[in-house]
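Subject: Structure for your files

Hello,

Here is the structure we talked about, followed by notes on what was found in it. Please keep the two together.

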Amino acid sequence: MTDILPQPDCNLKAVCEPLERCCLDRLEEPGSKRPPNTGARLWGRVRSKLLRQKLDPQTVETKNWHTDVIEMNGIKVEFSMKFTSRDMSLKRTPSKKQTGVFGVKISVVTKRERSKVPYIVRQCVEEVEKRGIEEVGIYRISGVATDIQALKAAFDANNKDILLMLSDMDINAIAGTLKLYFRELPEPLLTDRLYPAFMEGIALSDPAAKENCMMHLLRTLPDPNLITFLFLLEHLKRVAEKEPINKMSLHNLATVFGPTLLRPSEVESKVHLTSAADIWSHDVMAQVQVLLYYLQHPPISFAELKRNTLYFSTDV
């Protein structure tokens, strides 16, 4: 029996790949007379079943394991699954870790490296732009988990062979490592403190008021967070320029990165989360809209933002 625990944003293909390999291995056994493509067809049925369960409101609300069996041409797949809410799967926990880069405050990492943008961010972005910017579904398609963990360990240990590893690694694993880095920050890149203000700013209906508010919020970010965010922003814009090839629009990229870069603190989550169905609530859509706003905005200069901060200070 295979236990499957789908996350709200899981890649179902990655979940089902072990089942497909198992089925194909069974079909290759000596004396097998099963019809061709049984493994692929069975995998399709399992995937379809998982999708239906994932979208079923009753499944979303229950905390119990659901068991199911799918059989085809003598091959039986029995699996169990339950729903884990996003506030649990993407939960940020306080960390006192000072070594490595994952789970360490971005200000600590940049100060230690004497850099403006963390080395891991720069290297992953460079590799994606070098050979993955035209990859279909880049940042949307999950990389192999073991590859991502290997890269995570290498960056944490400051492995001298990290550049060689990056050049040999599947590009989706590198993209996944970058997403994991931001997801495991002790607090999101756009900070816990400013989260309510970002939610209010993006809801403003007057374009001028929204522009002033959203730019002011960027100016309020700590310098390491702001510089890294602007660096990532320009990278994602370059990825979206290849949308006819990679199928990743600005909106697609905002959907992938928005809830990772901008999430409520644990306290905010407890206040607002009333049920598992709130995963796709207004807050999540607003997180996507915040990042989309900046992605659609003309280039934002760190120097210009800081110059405007000086003007505001002297005016006061």
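Is Tyr294 buried or exposed? Tyr294 has a relative accessibility of 0%, so it counts as buried. Please bear in mind that this is a predicted model.

Tyr294 and its surroundings

Tyr294 lies in helix 16, which covers residues 282-296. If neighbours within four places in sequence are set aside, Tyr294 is in contact with Phe198, Met214, Met215, Leu217, Leu218, Phe229, Leu233, Lys237 and Ile300.

Helix 10 against helix 16

Helix 16 packs with helix 10 (residues 195-202) at an angle of about 75 degrees, and their axes are 9 Å apart. Angles of 65 to 115 degrees count as roughly perpendicular, and helix 10 and helix 16 are therefore roughly perpendicular to each other. From helix 10, the residues in the contact are Tyr195, Phe198, Met199 and Ile202; helix 16 brings Asp283, Ala286, Gln287, Gln289, Val290, Tyr293 and Tyr294. By class, this contact of helix 10 with helix 16 has eight nonpolar, two polar and one charged residues.

Helix 12 against helix 14

Helix 12 runs over residues 223-240 and helix 14 over residues 250-261. The two pack at an angle of about 155 degrees, with 10 Å between their axes. Since angles over 145 degrees count as roughly antiparallel, helix 12 and helix 14 are described that way relative to each other. Their crossing is right-handed. On the helix 12 side, Phe229, Leu232, Leu236, Lys237, Val239 and Ala240 take part, and they meet Leu250, Leu253, Phe257 and Leu261 of helix 14. The residues of this contact divide into nine nonpolar, no polar and one charged.

A buried lysine

One further residue is Lys152, located in helix 7 (residues 145-156). Lys152 has 18% relative accessibility and so counts as buried, the cut-off being under 20%. Not counting residues up to four places away in sequence, Lys152 touches Phe102, Leu180 and Glu184.

Regards

Methods. Residues numbered from 1 in each chain as written. Predicted model: local features only at pLDDT ≥ 70, side-chain atom pairs only at ≥ 80, totals over all residues. Heavy atoms only, no water. Axes fitted to C-alpha atoms, helices over the stretch in contact; angles between N-to-C directions. Helix = DSSP H or I, 4+ residues; strand = E, 2+ residues; numbered from the N terminus. Parallel < 35°, antiparallel > 145°, perpendicular 65-115°, else oblique. Left-handed = near helix turned anticlockwise from the far one by under 90°. Contact = heavy atoms within 4.5 Å. Nonpolar A, V, L, I, M, F, W, Y, C, P; charged D, E, K, R; others polar. Buried < 20%, exposed > 50% of the residue type's maximum accessible area, 1.4 Å probe, protein only.
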